[in-house]
Amino acid sequence: MVDGDLKLAVVGVGGWGKNHARVLSEFGCLAAVCDIDPARAKEIAAKHAAKPYGSIDEMLSAEQLDGCLVCTPTKTHLPVAKKIIERGIHAFVEKPLSFSSAECEEMIQLAERKKVILTAGYIERFNPAVSETKRLIEEKRYGQPVMIEFHRENRMPPNTKDVGIIFDTSVHDIDTAMFLFNSRPHVVFARAGRHTHSFEDFATIMLGFEGQKVAVIASNWLTPKKVRTFSAVCTDGIISGDFLTQEIRIDHAGETVVPHRPFEEPLTLELLNFIESVQGKAKLVVSAQEATNVTRVAEAALLSSNTGSPIYLNLK
Ligand SMILES: NC(=O)c1ccc[n+]([C@@H]2O[C@H](COP(=O)([O-])OP(=O)(O)OC[C@H]3O[C@@H](n4cnc5c(N)ncnc54)[C@H](O)[C@@H]3O)[C@@H](O)[C@H]2O)c1
């Protein structure tokens, strides 16, 4: 339960949005759900004693909402988010904020004009394996990170039909790389290809940061098992992590240490940060500008793959 009388809604209660509905319901602030598939809206609303809507316009006219979570397919994020923000309602938009940085900028400008919070679902920031690694890096326990490698592999997600693996999957690691380095890349080089999907379904992306620091992001939808790992090579040790088990291992001075931490659901932590930001009690962890930078890097990765050239960036 969260303090206060907050009314939130989820737009798009498919494979992922149904989890947002569950978490908001556990927090006691789920007022409504909306899906263009009315049967789906009814099914999820009934589970959580919320009101179902088959159209966002109908929901926004009928409900007095404080915030909305946009969990619709990526290509619909801008039109859906605009309707929410235009009414002065705070918006959490699933990742990627958009597949187009021009669309991201449009959302940011509208949110600034309407004075509402806009954030994006870069959930790995809330994964304890990442937050613990970030803490160790900030404390300089094992020196400075110089190279971070990511592997994110699985069979293709059944519902992703509008974007390829870079905008759907690699974006998580692009965001995590920028978060852990606390810096923005100035150059992007990528190779990507398509085997079974209508967009690219395997990609390797190299991000160059200042001081010759590098992130290597390998993603594919071909590996028959789920792999989500990272390894941060620091000047005085290596921190390796598993996004799925939330375990980290530290190799340092001839020893391996595996710190024990309780498992926490990243989605719960992520939505709590949105709620507390709406209430003015917390600082938003993922800014809309950072989410826009992720989209810019993803755009550059696609361009690099298509042209065979490194793409130089000057990110805000
Ligand atoms: N953060 C994460 O780890 C994570 C994981 C999975 C998906 N996602 C993101 O969540 C979003 C949704 O993905 P998904 O896998 O749940 O897709 P999905 O296809 O399973 O669900 C999308 C739902 O939105 C509904 N919908 C479509 N257009 C709509 C509209 N205009 N108004 C209302 N409802 C609409 C569909 O009927 C469907 O039920 C995507 O942006 C995806 O990138 C994020």
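The model is a predicted one, in which local features need pLDDT of at least 70 and side-chain atom pairs count only at pLDDT 80 or more, while totals for chains, interfaces and linings use all residues. Residues are numbered from 1 along each chain as its sequence is written.

**Domains**

- The domain assignment, which comes from an automatic or database source, gives domain 1 as 8-122 + 276-282 and domain 2 as 124-267 + 296-312.
- Taken over C-alpha atoms, the centres of domain 1 and domain 2 are separated by 27 Å.
- Across the boundary, 12 residues of domain 1 are in contact with 13 residues of domain 2, a contact being two residues whose C-beta atoms, placed from the backbone, lie within 7 Å.
- The side of domain 1 that touches domain 2 has five nonpolar, five polar and two charged residues, where Ala, Val, Leu, Ile, Met, Phe, Trp, Tyr, Cys and Pro count as nonpolar, Asp, Glu, Lys and Arg as charged, and the others, Gly among them, as polar.

**The sheet and its hairpins**

- An open sheet of nine strands has the order E14-E13-E12-E11-E7-E10-E9-E8-E15 with mixed pairing, and two strands pair if DSSP finds at least two bridges between them.
- Its edge strands are E14 (255-257) and E15 (311-312), each of which pairs on one side only.
- E11 (residues 227-234) pairs with E12 (residues 237-242) in the antiparallel sense over six bridges, and within this pairing Thr229 stands opposite Asp242 in E12.
- E12 and E13 (residues 248-252) run antiparallel and are joined by four bridges, with Ile248 in E13 as the bridge partner of Gly241.
- The hairpin of E12 and E13 has five residues between the strands, and Gln246 in the turn has a positive phi of about 70 degrees.
- Seven bridges connect E8 (residues 187-193) with E9 (residues 202-208), and these two strands also run antiparallel; here Arg191 stands opposite Thr204 in E9.

**Helix H6**

- In helix H6 (residues 128-138), the buried residues are Ala129, Val130, Thr133, Leu136 and Ile137, where buried means that 20 or more other C-beta atoms, placed from the backbone, lie within 10 Å of the residue's own, exposed means 12 or fewer, and partly exposed lies in between.
- Seen down the axis of H6, these buried residues fall within an arc of 125 degrees, so they line one face of the helix; the arc is that of the directions from the helix axis to the C-beta atoms.
- Arg135 and Glu138, on the other side of H6, are exposed.
- The cover over the buried residues of H6 includes strand E7 (145-153), helix H7 (165-181), E11, E12 and E13.

**His90**

- His90 lies in strand E5 (residues 90-93) and counts as buried because it has 24 C-beta neighbours inside 10 Å.
- Leaving aside residues up to four places away in sequence, His90 touches Asp66, Gly67, Val116, Ile117 and Val278.
- His90 and Ser277 are 187 residues apart along the chain, yet their C-alpha atoms are separated by 9.6 Å.

**Ligand shell**

- The ligand is surrounded by 25 residues, of which the closest are Gly12, Gly14, Gly15, Trp16 and Glu94; a residue is near a molecule if its C-beta atom, placed from the backbone, lies within 6 Å of it.
- By class, the shell around the ligand divides into 10 nonpolar, nine polar and six charged residues.
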